Structure formats: C-alpha cells, structure tokens
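Dear colleague,

I am handing over the structure below, together with some notes on what turned up when I went through it. Please read the notes with the coordinates open beside them.

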Amino acid sequence: MLKLKGLISFTFCLSLCCIFGNSFTTAHAEPIKNINGIEISDETFNNLLSLGFTEDEIENMSEEAYNLNKNLKGEIVASQTQYLKIIENPDSVNSYPYTIIYKPIQ
C-alpha cells in the first residue's frame, strides 16, 4: 500500500514537472520599454550592456542614440573599480553630526 502511494505521488510530481517545465521554456520575455517609449528586446538590452552602456543609460536612451547603437556588436574588454577609504574625525565620532571624508585609494 505504501509503495502504491509513493508511485502515485512520484507520477503526479513527474507529470507536473513536465507540464510546467514545458510552459516555462516556451515563454518569451516581453520587450522592455524605456522612458522615451522605445521597446527594447532582452537580446538588444544585453547587447547594449556589452557595449558599455549602464542600465540607467539604456532606460533613458533617446531614439536617435538607440538607433545608432542597436545593431553594433561589442564586448567590455576592461573595467575600472574605485575603492574609497573612509576617514572619520576621531574628535567628532561621539558627537552628531560628524564628517566623513571620502578619498580614492591610489
């Protein structure tokens, strides 16, 4: 009896995985619409990212800039990371407000 319940449960779970698994793999992502009303597909969005545009730049991109860059192919070959060293004034740490000075580490 226990084996029969296990077999039924397994068959039910397997059928659910097949049904929902197929529906998720056939679903297509809807295009992204930026502030200027331009519909941008996921593929084009990722291509613009690889050209060096940030997500914010793509969301605010004009139609002219989009048309100039949408068919270009490229990839990021270098990136720059900036680290900041935070120095607190020890005399004013216990008093509010205190000043934090941001200095790039070189």
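Of the 106 residues in the protein, 11% are buried, where buried means under 20% relative accessible area, exposed over 50% and partly exposed in between (1.4 Å probe, protein chains only). This is a predicted model, in which local features need pLDDT of at least 70 and side-chain atom pairs count only at pLDDT 80 or more, while totals for chains, interfaces and linings use all residues. Residues are numbered from 1 along each chain as its sequence is written, and side-chain values use heavy atoms, with hydrogens and water left out.

The mean pLDDT (the predictor's confidence in each residue, from 0 to 100) is 76, and 60% of the residues reach 70 or more. Over residues 23-27 the pLDDT falls below 50, and beyond near neighbours in sequence this stretch makes zero contacts in the model, a contact being heavy atoms within 4.5 Å.

The protein has four helices and four strands, which follow one another from the N terminus as α-β-β-α-α-α-β-β; these are DSSP runs, numbered from the N terminus, with helices (H or I) of at least four residues and strands (E) of at least two.

The largest nonpolar core consists of seven residues, I38, I40, F45, L48, I58, M61 and Y66, a nonpolar core being a set of buried Ala, Val, Leu, Ile, Met, Phe, Trp, Tyr and Cys residues joined through side-chain atoms within 4.5 Å. Leaving aside neighbours within four places in sequence, I58 is in contact with N34, I40, F45, L48, L49 and F53.

N34 lies between β1 (32-33) and β2 (39-40), and it counts as buried because its relative accessibility is 8%. Its side chain makes polar contacts (pairs of N or O atoms within 3.5 Å, one able to donate a hydrogen and the other to accept it, with residues adjacent in sequence counted only if both atoms are side-chain atoms): the N34 side chain reaches the backbone nitrogen of I38 at 3.0 Å, and one of its polar atoms lies 3.3 Å from the backbone oxygen of I58.

F53, in the loop between α2 (42-50) and α3 (55-59), has a relative accessibility of 22% and therefore counts as partly exposed. Not counting residues up to four places away in sequence, F53 touches L48, I58, M61 and N69. The C-alpha atoms of F53 and I76, which are 23 residues apart along the chain, are separated by 9.9 Å.

With best regards
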